[in-house]
There are 2 protein chains.
Amino acid sequence: MNFLQKLKYIQRKNNSLLCIGLDTDVSKVPEFLYAYGDPQYEFNRRIIDATKDIVCAYKLNIAFYESVGEHGWYTVHQTLARIPEEIITIGDGKRGDIPSSAERQALLFCEDWEFSGTTVNPYMGKDAIEPFMRRNDQCAFILAVTSNNGAKDFQHLKLKGKPLYEHVVKTAKKWNTKKNIGLVVGATRPAELKRVRSLAPELPFLIPGVGTQKGDLEYAVRYGCDAKGEIAIINVGRSIIYASNGEDFTEKAREVALKYRDQINRYREKYFRSR
Amino acid sequence: MNFLQKLKYIQRKNNSLLCIGLDTDVSKVPEFLYAYGDPQYEFNRRIIDATKDIVCAYKLNIAFYESVGEHGWYTVHQTLARIPEEIITIGDGKRGDIPSSAERQALLFCEDWEFSGTTVNPYMGKDAIEPFMRRNDQCAFILAVTSNNGAKDFQHLKLKGKPLYEHVVKTAKKWNTKKNIGLVVGATRPAELKRVRSLAPELPFLIPGVGTQKGDLEYAVRYGCDAKGEIAIINVGRSIIYASNGEDFTEKAREVALKYRDQINRYREKYFRSR
């Protein structure tokens, strides 16, 4: 199966566009997990076990793993091993570099960890991210419109009357000869999300910014999905994984994840009745 | 000492603008090093010991360390511990992310590893790199014009008649309230290097692309330095560290490094006589 087939399969099977962001800050996990050798992994394992039937993907922001020291590399591996094969895994590292270095970055993300998707930064151009676009069962999500305030600093600058991010989107489409490119478009910017979806009707979108970052969920669904109400991957991180910091954190995480999953599906019903 | 003072001090002391790129591919180190527990570190240690009196900086591209597995994190630490305190160390990871994630990235690069400089990607804007710009003894080198072919894909797009990289340079200058911002400008693009130096006469430049990537050394010196013939950090990687792959690799590396150091100084004499 190529990436899009795999994505559609799991979105239908679990009836879910929800991606849980396992951006696990080891200082924020419930205290009782400190009794274990790797509290970060123990946290992830429990969140995965409690939510794997109601998500389409898990996204790991690598900053939270590389910053804990040598063990972070293992924790990523262990976490990935716990995620069922059919679920999409996204390695969020926003990488990209000159070819000889990008080769090593991709070796880690695409071959060693073997994420089914990665995030890459377009600023350095095609050869800086090409190693992430080699396999058609793996998707390179190119940053288009990010969810942070700084997005406006450069992404919205106008070139020939169009913002930079539109040039990124159009160029990404040209590069998509293997049908394995996706886009990152923040839920905090609904107008841009709508515009990008109109420019790229068939690309999978990774949509961060819902939850703590206050992106609008209804717009994320309405403008993030393709015409069939699919292939948007709506990431929610902190508001799910830190729903409680007591012994009930898995139950609470599942509760909140279910609320998101179901609310997303209600919006899909509203805007994509045909599905 | 703030970063610029530290940089000038070591450039004068070692009479050198040369930075050696320790982008050590563990599969390319001399075979006899495989007898050691950490061949990558053994390689770095010997290169550092053989060249530390003739460089101003060492740059580690983190892709070469994170991709070897858990030990890479240690190898970075060990390598940094071997570099004399007065020499600039640059953590080349081209990071940047939403604030909560960038915080973790900077925790690793600026506090744990404690590089004196880091490279950061401007696409996500100011808040995505702000954690790298907190200490005035550490410099955040913002990618402006990179040395790879892909640089032309977006960096050269025109906005209001000026290429994107010029907007990055002008914005970087505005952000430079703590005098701890630098720019990455590739030696493979001399016209752009000249232009960027004219726009930012006082910022330190990290200049990759000399050597294997065939950037022009004379232009790198002429247009990369400030008016005094200083604060350019000219990075040479593979053509120094892989000068030989036999038992004489340290001697050969020193030979080649000296050639670069001295050639750079001849160009400095030619273009900046006053120094």
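In which sense, parallel or antiparallel, do β5(A) and strand β8 (residues 181-185) of chain A pair, and over how many bridges? The legends below take up this pairing first. The model is predicted, so that local features need pLDDT of at least 70 and side-chain atom pairs count only at pLDDT 80 or more, whereas totals for chains, interfaces and linings use all residues. Residues are numbered from 1 along each chain as its sequence is written, while chains are lettered from A and ligands numbered from 1 in the order in which they are written.

**View 1. Strand β5 of chain A and its partners.** β5(A) and β8(A) pair in the parallel sense over five bridges, where pairing requires that DSSP finds at least two bridges between two strands, and where helices (H or I, at least four residues) and strands (E, at least two) are DSSP runs numbered from the N terminus. In β8(A), A:Val185 is the bridge partner of A:Val145. Strand β4 (residues 117-120) of chain A also runs parallel to β5(A), joined to it by four bridges, and A:Thr119 has A:Phe141 of β5(A) as its bridge partner. Seven of the seven residues of β5(A), which spans residues 139-145, are buried, so the strand is largely enclosed by the rest of the structure; a residue is buried if 20 or more other C-beta atoms lie within 10 Å of its own, exposed if 12 or fewer, and partly exposed in between, with C-beta atoms placed from the backbone.

**View 2. The barrel of chain B.** Eight strands, with parallel pairing, close into a barrel in the order β1-β2-β3-β4-β5-β8-β9-β10 (chain B). Neighbouring strands of this sheet are turned by 30° against each other on average, direction ignored. Within chain B, strand β3 (residues 88-95) and strand β4 (residues 117-120) run parallel and are joined by three bridges, and B:Thr118 of β4(B) is the bridge partner of B:Gly91.

View 3. The contact takes 48 residues from chain B and 48 residues from chain A, residues being in contact if their C-beta atoms, placed from the backbone, lie within 7 Å. On the side of chain B that touches chain A, the largest share, seven residues, comes from α5(B).

**View 4. Helices α8 and α9 of chain B.** The axes of helix α8 (residues 190-199) and helix α9 (residues 217-224) of chain B come within 9 Å and cross at roughly 10°, axes being lines fitted to C-alpha atoms, for helices over the stretch in contact, with angles from 0 to 180 degrees between N-to-C directions. α8(B) and α9(B) are therefore roughly parallel to each other, a term for angles under 35 degrees, with those over 145 roughly antiparallel, 65 to 115 roughly perpendicular and the rest oblique. Among the residues that make the contact are B:Pro190 and B:Leu193 of α8(B) and B:Tyr219 and B:Ala220 of α9(B).

**View 5. Positive phi values in chain A.** A:Lys94 has a positive phi of about 50° although it is not a glycine; A:Lys94 lies in strand β3 (residues 88-95) of chain A and counts as buried, with 28 C-beta neighbours inside 10 Å. A:Glu114, in the loop between α5 (99-112) and β4 of chain A, has a positive phi near 60° and is partly exposed, with 15 other C-beta atoms within 10 Å.

Note on methods. Contact = placed C-beta atoms within 7 Å.
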